[in-house]
Amino acid sequence: MAVVTDIIRVAETRVDPLRLNVVVTGQSVQLTMYTTTWCGYCYRLKTMLKTAGIAYAEVDIEQDPAAAEFVSSANGGNRTVPTVKFSDGSTQTNPSLRDVKAKLAELVA
């Protein structure tokens, strides 16, 4: 079962090229993070996203077989978490905060 934490609202985007700070308000951009409860990398990315003010939906792949299959298909048969899915359908596996911010900036540009 998916646990929705929040949704980003996007209308205006400004990107600080040195720090890659993405400032968003307005229309919805969905960011879904596939995780497990025991994954330290997941915990780290969730903490960084929260600190950066980036909202996301979280899905525990151990509780959702369809999510586990999706993660496996996105990672060459491996159930690697965190896997992040963006509103355009693209994914990143164990991304840095910088990678996530860059992709979000691309989506709202």
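I began with the crossing of α1 and α3, which is right-handed (the near helix is turned clockwise from the far one by less than a right angle). I noted that the contact (heavy atoms within 4.5 Å) is made by Met48, Leu49 and Ala52 of α1 and by Leu97, Val100 and Lys101 of α3. These residues divide into five nonpolar, no polar and one charged, where Ala, Val, Leu, Ile, Met, Phe, Trp, Tyr, Cys and Pro count as nonpolar, Asp, Glu, Lys and Arg as charged, and the others, Gly among them, as polar.

I recorded that this is a predicted model, in which local features need pLDDT of at least 70 and side-chain atom pairs count only at pLDDT 80 or more, while totals for chains, interfaces and linings use all residues. Residues are numbered from 1 along each chain as its sequence is written, and side-chain values use heavy atoms, with hydrogens and water left out.

I then turned to helix α2 (residues 65-74), where Ser72 has its place; helices are DSSP runs of H or I with at least four residues, numbered from the N terminus. Ser72 is buried at a relative accessible area of 13% (buried means under 20%, with a 1.4 Å probe and protein chains only), and, leaving aside neighbours within four places in sequence, Ser72 is in contact with Gly77, Asn78 and Arg79.

Val71 also lies in helix α2, and I found Val71 buried with a relative accessible area of 0%. The C-alpha atoms of Val71 and Thr83, 12 residues apart along the chain, are separated by 6.7 Å.

Technical notes. Helices (H or I, at least four residues) and strands (E, at least two) are DSSP runs, numbered from the N terminus. Buried means under 20% relative accessible area, exposed over 50%, partly exposed in between (1.4 Å probe, protein chains only).
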